[in-house]
Amino acid sequence: MRNETRGTLELTLAMVLSGTLGIFVVESGASPFDVVFFRCLFGAAALGAYSLARGYFTGHGFTPKKLGLAVLGGVFIVFNWVFLFEAYEATSISFATVVYHTQPFFLVVFGAVLFRERITAAKFGWLGVAFVGLVLVSGIRPGDTASLKGLGLALAAAVLYALSTIVTKRITGVRPHLIALVQVLVGLPLLLPFADFGAASRLGAGWGWLAGLGLIHTGLMYVLMYAAYQKLPTAKIAVLAFTYPAVAMFADWAVYGHHIGLVQALGVPLIVLASLKVTLAARTPAAAPAPRTAAHAPAAASPAATRSA
């Protein structure tokens, strides 16, 4: 099998798995803080075992500065998950996922504010298109506090994702699996004060869903993504990444009967198209390599550096 074909299959499978994440979160029956805590716990076990088996701890490449950046990125990514899962509860998986995919635009804004990167006329135009799409997707009516809360939570998750990506992009010479491992390990002490072990002990079958989030969506999924990134051109990676929201919306409809309305549906392609255009523009050869494409070497590519949750 050709390398690119194999990479396409690996990334498609990873994005399909990512699209089912919301189902695992809801079916676990746990609070968002408990879900993220145990996702970090099981995910750390999976990524740690994989990294150990592959010998990644030898010559890991971490320095105090790089480790500090990984920890900071972990703080952002862990609370990004909390806000996203809270958004699932407040609205629906479909709504939260579409709003969450405004992430690239926050990267553009932060790049301009923090690093004085110039926003081209084209990017500014696509930001406008995405904003129109966001207004349509939100479909918020006066008094619709649930949708307003869900919108805010999903946007907060997207902002934290962008901040984590900015931090993680500055980590080079370290395998992405190890950066991801540090980030999920950070989540354990960070969320310990918020975890409700009494409620968790009564989850019953919910433990299977929590284990799946860690082993499948934080272990297997990231291994597949990082393997695929080494084999695929950036344009194909950007396009395949949109398998995630498509699967998430289908799963939400198939399992829970949730679907967005006609007006909201008009906003989805606007956000998707604008996000794709901005993502591809950021990955031209003249631009600095994004975490996703830096996987040819053991460089920065973590959960925060991907389009998945």
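**View 1. Buried residues of helix 7 in the predicted model.** In helix 7, the buried positions are Leu127, Ala130, Gly133, Leu134, Val137 and Ser138. Viewed down the helix axis, these buried residues of helix 7 lie within an arc of 125 degrees, so they line one face of the helix. An α-helix has 3.6 residues a turn, so residues three or four places apart point the same way. Ala121 and Phe124, on the other side of helix 7, are exposed.

**View 2. Span of helix 7.** Helix 7 covers residues 121-138, which is 18 residues. From its first C-alpha to its last, helix 7 reaches 26 Å, close to the 26 Å expected at 1.5 Å a residue.

View 3. Averaged over the chain, the pLDDT is 85, and 89% of the residues score at least 70.

**View 4. Residues 284-306, where the pLDDT is below 50.** Beyond near neighbours in sequence, this stretch has 72 contacts in the model.

**View 5. The chain with its 14 helices.** The chain contains zero strands. Of its 309 residues, 52% are buried. Where contacts in the chain join residues at least 6 apart in sequence, 89% of them link residues at least 24 apart. The accessible surface of the chain is about 13000 Å², and carbon and sulfur atoms account for 70% of that surface.

Definitions and conventions. Residues are numbered from 1 along each chain as its sequence is written. This is a predicted model: local features need pLDDT of at least 70, side-chain atom pairs count only at pLDDT 80 or more; totals for chains, interfaces and linings use all residues. Side-chain values use heavy atoms; hydrogens and water are left out. pLDDT is the predictor's confidence in each residue, from 0 to 100. Contact means heavy atoms within 4.5 Å. Helices (H or I, at least four residues) and strands (E, at least two) are DSSP runs, numbered from the N terminus. The expected span of a helix is 1.5 Å times one less than its number of residues. Buried means under 20% relative accessible area, exposed over 50%, partly exposed in between (1.4 Å probe, protein chains only). The arc is that of the directions from the helix axis to the C-beta atoms. Accessible areas come from the Shrake-Rupley method with a 1.4 Å probe; for residues, only the protein chains shown count as cover.
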